[in-house]
Amino acid sequence: MSGDSRGPAARFLRTTGQHASIEPDAFTDGSYVLSIGGAEQSHVNLAHPEEIFYEYLRRIGHLVDLAAPSGAPVRALHLGAGALTLARYIQATRPGSVQYAVELERELLDFVLRQLPLPEGTDLHTITGDARDALGGLDSQAAFDVVILDIFSGPDAPAHIACTDFYREVQAKLAPGGVLIVNVGDEPGLTLVRSQVAAMRQVMTDVAAFAEAGMFQGRYPGNIILAGTQVPWPGEWTAELAARGPHPAAVLAGVDLDPFTGQPRP
């Protein structure tokens, strides 16, 4: 869809009382930026949805790549929809996938789908509401290969989601080999990251953290991706993710992740 001439658009979001806007990316033809409350939130390349601009989303995409054989369709659940960048990526790299997206802001989903249509053939089911409430309403017989949680942002993380009980409910929706991927945006000190590693370790067989190498020093704000597996963490994934980047990249698993909880894995 190179050369697309869509102009800026805006929508008021009643749940948060903020404005969402979608504007063309001045530097990448066919791409658009979703901002909420004046802050950039998502980037979408309509011309090439397999290309992801934001580094933390690219890291999530790499985990999705490893979650199933290359090109094979998956069942994916997105908790936090944004501009559906990852849903577009999965459709582009795994055609035939069945996906669900849960978003608290009703107006946001409608706005994004109207302004930035999904790739042809995308099988996406949208749900408006709280992530935990929506999770309980999903068919318990339809297990997911990938669940992506992209809601957390520092100290404002919702307590009813940033907890072991919620992860236990998510784990019940995963297929035997399914992967839980959690994006944690955190402040220096990484208090939220540490709490979520501890909570996920109570539920998942194994947990790993993937980020720009400097993030693990806890000196500045940023994003760390947590991956929970139903089997012991595959050692080859560590090397593969580190090689894929974005660079410099680091993956912590097993005893290397223990310092984030202050105690060994259960």
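Predicted model: local features only at pLDDT ≥ 70, side-chain atom pairs only at ≥ 80, totals over all residues.
How many nonpolar, polar and charged residues does the lining of the largest pocket have?

1. The lining of the largest pocket has 22 nonpolar residues, together with 16 polar and eight charged ones. In total, 46 residues line this pocket, and the space in the pocket comes to about 1,100 Å³.

2. Nearest the centre of the largest pocket lie Q41, D150, I151, F152 and S153. Strand 8, which spans 144-153, gives the most to the lining of this pocket, with five residues.

3. Other elements also take part in the largest pocket. At least two lining residues each come from strand 4, helix 1 (55-67), helix 2, strand 6 (98-103), strand 9 (174-186) and strand 11 (222-229).

4. The volume of the largest cavity is about 40 Å³.

5. The lining of the largest cavity consists of H43, V44, N45, P49, E51, T85 and R88. By class, these residues divide into two nonpolar, three polar and two charged.

6. Strand 4 (39-45) and helix 2 (85-93) each contribute at least two residues to the cavity lining, and strand 4 gives the most, with three residues. Strand 4 and helix 2 also each supply at least two residues of the lining of the largest pocket.

Definitions and conventions:
Residues numbered from 1 in each chain as written. Heavy atoms only, no water. 1 Å grid on protein atoms, 1.4 Å probe; cavity = no way out; pocket = protein on both sides within 12 Å on 5 of 7 lines; lining within 4 Å. Points joined across faces, edges and corners; volume = space filled by probe spheres on them. Helix = DSSP H or I, 4+ residues; strand = E, 2+ residues; numbered from the N terminus. Nonpolar A, V, L, I, M, F, W, Y, C, P; charged D, E, K, R; others polar.
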